[in-house]
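Subject: Structure handover

Hello,

Here is the structure I said I would pass on. My notes on it follow below.

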There are 2 protein chains.
Amino acid sequence: MKKLVRLPEAELSVMRAVWRLEAPVPTGAIRSRLERERPWNLSALQTLLSRLAERGYLSVGKEGRQNVYTPLVSEGEYLAFENAPFLEGRGLPGLVTALYDSRSIGREDLEELRAFLDEAMGKEGGT
Amino acid sequence: MKKLVRLPEAELSVMRAVWRLEAPVPTGAIRSRLERERPWNLSALQTLLSRLAERGYLSVGKEGRQNVYTPLVSEGEYLAFENAPFLEGRGLPGLVTALYDSRSIGREDLEELRAFLDEAMGKEGGT
DNA sequence: GCCTCACTCCTACAAATGTATGTTTTTATA
DNA sequence: TATAAAAACATACATTTGTAGGAGTGAGGC
């Protein structure tokens, strides 16, 4: 398991964009994906991309003369990493409970989740 | 709903400690709670606490001579806030799937979660 | 061939964050 | 009562993060 580091806000936004695009992703695609949310100056974005590469979150390749980026850390891995302190203390049910209690998710979400689990695991729940 | 801001690493560790203690929490209690993980210099910790108060994450009171802190944002609210971009895109099942696919949680965790949901909502799941 | 576009890469710098020192005030106590 | 322990509070400063400017370079249009 890679040694992850908590990403600063701006870099995390960039990663989220990359995760949602088809790798390898050219800079321009990332830029347009983010233009509503964070209309960065091109150089600013490039700085963030290289920092992400330094940190081992992205690999950089070339497609012609353009840089293309591929995530080296999946969104799930990162999510697990960020939520680890909570998950360790209280487990997945604890997480769901906390979200529910703070009204961040509702009863429908729980229903949906249960249906999803039943579907994914089969109703038997064998080992 | 308060306007939350993503906390920097150090401040977040402090919040996690506060969340796990009984409010209102005196500085010393936070300090000892964190001494393994982040053995901060007392002033360093005090700086972080006042920054958290400025940001509206903690309220500060006095208990005799000492400062005592009370969270103004619950752990669940914060969790929801941090995971919001993911949850909006993919919902709770998506989150669980991402964790599972990245092997951050295992099949037992899913079993446990399902059992928990069955318990919490009743097996019928009617609305 | 020359210009413009679209990028890359290097450099810079203000603001935010992480960590510590020094000073003062309390309270407890040898 | 002099001394030490505990903590507040102000201040400082190195490092990291956020954002941008500018120089260089291949590609396509004219």
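Buried area is the accessible area (1.4 Å probe) that two parts lose on being put together, summed over both. Chain A and chain B bury about 3900 Å² between them, and 63% of that lies on carbon and sulfur atoms. On the chain A side, R6(A), L92(A) and R114(A) lose the most area to chain B, together 19% of what that side buries.

This is a predicted model, in which local features need pLDDT of at least 70 and side-chain atom pairs count only at pLDDT 80 or more, while totals for chains, interfaces and linings use all residues. Residues are numbered from 1 along each chain as its sequence is written, chains are lettered from A and ligands numbered from 1 in the order in which they are written, and side-chain values use heavy atoms, with hydrogens and water left out.

The contact (heavy atoms within 4.5 Å) takes 46 residues from chain A and 47 residues from chain B. Eight salt bridges (a side-chain nitrogen of Lys or Arg within 4 Å of a carboxyl oxygen of Asp or Glu) are counted between chain A and chain B. One salt bridge joins the side chains of R6(A) and E82(B), at 3.1 Å from N to O.

As for symmetry, a rotation of 180 degrees with 0.0 Å of shift along its axis superposes chain A on chain B, with RMSD 0.2 Å (least squares on the C-alpha atoms of residues with pLDDT of at least 70 in both). That is the relation of a two-fold axis. In chain A, the C-alpha of R114(A) is nearest the axis, 3.1 Å from it.

Regards
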